[in-house]
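Subject: Structure handover

Hello,

The structure is below for you to take over.

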Amino acid sequence: MFLAIRELRFARLRFALVGAVVALIAVLMVMLSGLSVGLVRDGVSGLQNLPVTSFAFAHGVQHDSAFSRSVVDTSAVDAWRAQPNVADATPFGNTLINGRTDGGVEVDLALFGVTADSFLAPEVSQGERLGTPDGIVVSPTALDAGLKIGDVVTVDRVGTRMRVVGVTMQQDTFGHVDVAYVPLALWQEVKSGTAPGRAVPEKAKQEITAVAVRAESGKSVDLAAGDAAAGTESLTLSDSFGASPGYTAETTTLQLIQGFLYVISALVAGAFFAVWAIQRKQEVAVLRALGASTGWVLRDALTQAFLLLTAAVAAGVAVGVALGAYVAGSGAPFALSGSSIVAASVGLVVLGLLGAGAAVLRVTFTDPATALGGNR
């Protein structure tokens, strides 16, 4: 420990340079973690906030586009309600629309069709809950897009008029589009393309996107048995995130970039300490000749690497958090998560130590007499 600290002081410029590189990697990790959390929240927060355990889609539907392709008969709702350990099941509709307010504001909305008395009906922070036939409850992020309570939104090409009556408690977005909760009958009218004033076809009244299933507290539902009885194909709530537009591609890309950064961090630390260990070869030989064990020398080197990596990562995280707070305030899909930042920091330090340990280990086995020139 004493030797490790002395070397850090003696070669502080050299250590500062490699520390700066590790700190920059830590900044990138914090920014990528924030971007990952922000994109997930912007992509599927509407689903995350639903009090469901699974969705039952049409049998054979493609999982990556289930919300846009699935069509389920409403009779499947009763079949799911009859399943063991199911607390409740209710119809759920989903579709994306373009619209315009009477004030000329263009908006994009993800319509969640729900029944007003079901467990899917959202709590509101402003205005009224679902209840009126043409009333909708929107995400608070839709207010930033120009909507306000009392606005009437006309759906493009269909002409259906919807009045904003309330605002949800938290951000609700789906596929980076603001969610609007609408009565199921109104959703079926929009989905079927029925013009205002005309009756919705009977077939359209029997069609929904999926059955939202909520399991009893502390119990699990046999999804396979439920699907067999209802003729559906179920996905758990977390698995259904992959059916949100762009979710899988975005998260996979960011995870790959993070993985490469972890590898780069280990290589940077390993390369630096490999060179440093070679330069210290004679000093290590002296320590070995004086009786220092291989374990002692390795612990001393790892202590040195740990101090350097910890300080560099801490500095990089501090800069990344400050930069991330600024980015989050600019309206970008960015959200800082303490658990993600801690995991990234620990990962950088641990992988850096592995790289440093692998580089130093070879030198610790050097024969002292050979290192000191005893073979000449």
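Arg81 and Asp78 sit three residues apart in helix H4 (residues 75–81), so about one helical turn separates them. Helices here are DSSP runs of H or I with at least four residues, strands are runs of E with at least two, and both are numbered from the N terminus. The two side chains form a salt bridge, at 3.5 Å from N to O. The term means a side-chain nitrogen of Lys or Arg within 4 Å of a carboxyl oxygen of Asp or Glu. Arg81 is partly exposed, at 42% relative accessibility. Buried means under 20% relative accessible area, exposed means over 50%, and partly exposed lies in between (1.4 Å probe, protein chains only). A network of salt bridges links Asp78, Arg81 and Asp88.

Some ground rules. This is a predicted model, in which local features need pLDDT of at least 70 and side-chain atom pairs pLDDT 80 or more, while totals for chains, interfaces and linings use all residues. Residues are numbered from 1 along each chain as its sequence is written, and side-chain values use heavy atoms, leaving out hydrogens and water.

Other salt bridges
The whole structure holds nine salt bridges. Lys148 pairs with Asp151, with the closest N and O atoms 3.2 Å apart. Asp151 counts as buried, at 12% relative accessibility. Lys219 and Glu216 meet at 3.3 Å, N to O. Lys219 is partly exposed at 47%. Glu216 is partly exposed too, at 30%.

Overall fold
The protein chain has 14 helices and 13 strands. Of its 376 residues, 48% count as buried. Among contacts (heavy atoms within 4.5 Å) with a separation of 6 or more, 79% join residues 24 or more positions apart.

Transmembrane annotation
An unreviewed UniProt entry places "transmembrane region" at residues 15–40, 259–278, 306–329 and 341–361. UniProt positions follow the numbering used here, feature names are shortened, and annotations may be inferred rather than shown by experiment. In the model, residues 15–40 are 100% helix and 0% strand, with end C-alpha atoms 37 Å apart. Residues 341–361 are also 100% helix and 0% strand, and there the end C-alpha atoms lie 30 Å apart.

Largest pocket
The volume of the largest pocket is about 370 Å³. A pocket is an open set of points, on a 1 Å grid over the protein atoms alone, where a 1.4 Å probe fits and protein lies on both sides within 12 Å along at least five of seven lines; lining residues have an atom within 4 Å of a point. Points are joined across faces, edges and corners, and the volume is the space filled by probe spheres set on them. The lining has 17 residues, and Asp42, Thr141, Gln171, Gly331 and Ala332 lie nearest the centre. Helix H2 (12–48), helix H5 (140–144) and strand S10 (177–183) each give two or more residues. H2 gives the largest share, three residues. By class, the lining is six nonpolar, six polar and five charged residues. Nonpolar covers Ala, Val, Leu, Ile, Met, Phe, Trp, Tyr, Cys and Pro; charged covers Asp, Glu, Lys and Arg; the others, Gly among them, are polar.

Helix H6
In H6 (residues 184–192), Leu184, Leu186, Trp187, Gln188, Glu189 and Val190 are buried. Gln188 is at 8% relative accessibility. Leaving aside residues up to four places away in sequence, Gln188 touches Val200, Ala204, Lys205, Gln206, Glu207 and Ile208. The C-alpha atoms of Gln188 and Lys205, 17 residues apart along the chain, are separated by 6.4 Å. Just after H6, Gly193 has a positive phi of about 75°.

Best regards
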